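Dear colleague,

I am handing over the structure below. My notes on what was found follow it.

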Amino acid sequence: MKKLLFLAAMYLIAASAGSFRFTDGTGFELDAVNKETLKGNFFVRERSEEKIKEGKGVITRTLKLSEEKSNRADQKILVTKDFKLTLTLKDTFPMTTITATVKNLSDKQLLLEPGMRLSVKPLKGDQFWAGFDILDAEDKELGRQGYKGRYSKHISGGVTQPFPTASLIGNGRAIILGGRLFEISSWDSGKYVPRKKSGASLYYSRRIVVEPGKEVTNTYFAGSVPVRFDVEQNVVEAYYETIPSDFRPFVGKDNPYIRGAHCQYSTWARKPNFEAERRRFTTIDWAYTPYKRSGDSYGRKELWDYKPLVCDFKVTFGQLMRGEGMDYKKLTWEQFHKRRKEIFHESARKYGYSFYTCIGWCEKQLAETIYKDSLAEDKSVALELAPWSVHHDRERRVFMYGNSYGKAFMEDLAKLSEELDLPGFAFDCGAPGVNHYGAAAKNPEVDGRAWDEKGVFIDELCGVNQIVDYVHKLRPSDPLYVWKNGGGNCDMQMIETDLFGSVFPSWMPHMRYGIGQRPAVLHVREGYMYQETIPDWNSLTQDEFIQRWSKLGDHLTFSDFEYGMTNSYYGYGGNRLSQYAMPELLECIDLGWRALVPVATDGLGEDQMLYKARYGRQADTILFFGNPYEKPINIKFTVDNYGLGGKYQLFLPKMRDFANMENRIVNGDTVFSYALPSRRPVLFEAAFGLDKLPASGKLGAKVSSKKDIHKMTYTAELDNDSSFTAVVTPREVENFTVELKINGNTVAAGTSVELPANAKIEAVYTSKLFGVPAMRISTFPFIGADGKPQVAVKLPDNPNAAEKEIAGHIQGYFDFTAAHKMNSKAALPAWKEGMWTIEVTVGRGKGDRIERKGRTIYLHSSTDRKAILNYKALARVMDRRFEYFMPFVVHSNQTNIMARKFDQKTLLLPYSRCFESAFAGGQK
């Protein structure tokens, strides 16, 4: 069976869009990976007024389509007297992309449902997936219609969008029909329909509204992929491979704000401490709420004075900005705007303040007087909330695009982005499955409208995605990010549910599928939920409590790696393992979480399991495994390279200093063994990828790494007994250049080279930033014999603002270490010739470089933004000398009682240096 699956994978690698083709009329054919040819057809249904009037459940009728000749082999044209459907194929892999454009040829509005039907032959054990639950494909009809989904917390925010597919999965293959997840669309359907005779049909369709003379375009997919591991994860991975850009942040990897942990108000609701946040790795905060009145995000002068519905104005959590209370009883419109602007200009870029707005909600009086045409009417969801974002008002659900509220909301976003120098926006709520039938649904300029038995509507998430697209266009030179609570085409996703809650295990995987390779953060209220997880805590001794808490802490660390997310201080405070592992976690998240972990793990007991995850693809793959048991487990890992995107990868443990491991490639799989330690994360990184193997199809390799901040070397010593030719791809390492060598001779990476018998492959990486090893910085004599800082900061004559800011951060570093008893508190001495010195320059033509020469560390930066990043990089190395772990954070009355009982304010959980072989052991 394993050989057959491998052959199926090789067959698919050789396939192209030719595996899907048009046939006569409305027909098409799809070649499945098991070489079965499946037949299908395109269809269009329309809304049937007669059936609605008759009270029948089915409200559509299927139209007869005629084929019109096309001069293009990749195009099919289907017509009726009212419309023309043009279908165009695109050569994508592993699924074929089909662009479907409907042009209305009539003088009436058309309510249509274009789709695809595929005849399949279900086998015993097959399962059907329409975007939510995995269901056994038996002799009954299965399916999903529309976006009414499941939620983790409340109908206002934590709702998941169904994955847009109709897939049959099992017996070594998946057969997929589907649509594009983030396309502006309000309704789709996936169905499995067994036939009276043998076989069944898969259906996938979308409902659209087309105005006279207008066009509507939707994207469909069809394909088949091999299934060796997992179930629906194979379908999700096929989407990631076919349309990778859809699942990545719009703002790009160079955006510094979405590449760190979540403050959860620690820099917004309180006066922030830069050094504390740096050590927490936080880069972004949910700025809640920088306005007086929900639905008036900018704060318009004509809307300023009013009487709230719930209670009189008072300074509570929702009225804090950088820890400063906004007293709306006293603040005039002018005073508020002046102070808000000052706060954002001083701190927004420094701490990643994300201007919060509750995108689908508006203060009730505004909504019902000024924005009447925007009111939501879908009674299946909450329509009013109180108290909500500002705590003094009742809020009404509204649609945020294509109506009077949408116009005002977009104007507000534009004014805010200009006035406040924002890094990005935070959009709360706005969920799939909320149907709006108001003015926006009647607006022909609004994309994505659909229909049902009640008439034309637009889904709330459809409006959210159009607002997100608008925000991304506001500042092209420095794009604003969008951080979203719940689904949507954002740059970073907030997951508002508790890790230790009962819903998390079943809800979170599906939520993660839709996030794709975007970063995600967990936003929680209760942290470890001690009352539920350790209900008898009050009767425990301190040692007993630490033992129980430690297991929860390890589960939190493992879960972060498993789902590619960061927690806030509710989880990291006191959790030394999570804080220690943060650089590795963030590196994984930057590579991008993947749905499929194509690895067999032999050596587990019958009832044992491992935490696992995969990031990146091919030579940039990192695999995570976590052993939750009390003893180490010897595991044989078999990695399906096809599941990583193809080619043949060589792996070793991902360590900060050095590592080595033996690999074997057998039947296209990479095989290695490793003893997983108890309750510590283990990462395996690909060192090299090869596109070919020796003629025997087998290859062994001893893979090793040696790392420092300025230079790294990966080596693979092969055991090939004769030469062969292959493309060797070293892994990418950010901020490093790489030189690839074969037996000591430099070759071009990514080109075909000859590998002689017993070849030695080396990849030598040189840092673009650091010019010295870490030891040269960590042993720098920052502190004098009297315990006070003796290092001086040297700035150029007439220093600029960025240089002064970095000098302030360096002083702040030693203020922080003094506060935690690592040295005596003192101001840094004024610079004089011959002193121990950190020389800082920003924007003075010296590029980006950190060096040490004699008594001076040089910190050169090209821009203001780079200056902060480069300072943080230097400070991370200094932390090896001045190590500190953030303690437990009290966040509720219950945790305050626990902290007093167990001395949690200073208590730290045990940990080990599991990413340093010099300390952790492992394969050497």
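Predicted model: local features only at pLDDT ≥ 70, side-chain atom pairs only at ≥ 80, totals over all residues.

Apart from neighbours within four places in sequence, A763 is in contact (heavy atoms within 4.5 Å) with F688, M712, T713, Y714, P730, V738 and E739. A763 belongs to strand β50, residues 760-767. Strands here are DSSP runs of E of at least two residues, and helices are runs of H or I of at least four, both numbered from the N terminus. The relative accessibility of A763 is 0%, so A763 counts as buried. Buried means under 20% relative accessible area, exposed over 50%, and partly exposed in between, with a 1.4 Å probe and protein chains only.

Residues are numbered from 1 along each chain as its sequence is written, and side-chain values use heavy atoms, with hydrogens and water left out.

The chain as a whole:

The protein chain has 19 helices and 54 strands. Its radius of gyration is 29 Å, close to the 29 Å from the globule rule for 924 residues, so the chain is as compact as a globular protein of that length. That radius is taken over C-alpha atoms, and the rule is 2.2 Å times the number of residues to the power 0.38. The C-alpha trace spans about 90 × 85 × 65 Å along its principal axes. Of the 924 residues, 61% are buried. Among contacts between residues at least 6 apart in sequence, 70% join residues at least 24 apart. The chain exposes about 36100 Å², of which carbon and sulfur atoms supply 49%; accessible areas come from the Shrake-Rupley method with a 1.4 Å probe, and for residues only the protein chains shown count as cover.

Cysteines:

With a disulfide defined as a pair of cysteine sulfur atoms within 2.5 Å, the count is 0. C263 is in no disulfide, and the nearest cysteine sulfur, that of C490, is 18 Å away. C263 is buried, at a relative accessible area of 1%. For C362, the closest cysteine sulfur is in C358, and the distance of 10 Å is too far for a bond. C362 also counts as buried, at 0% relative accessibility.

Regards
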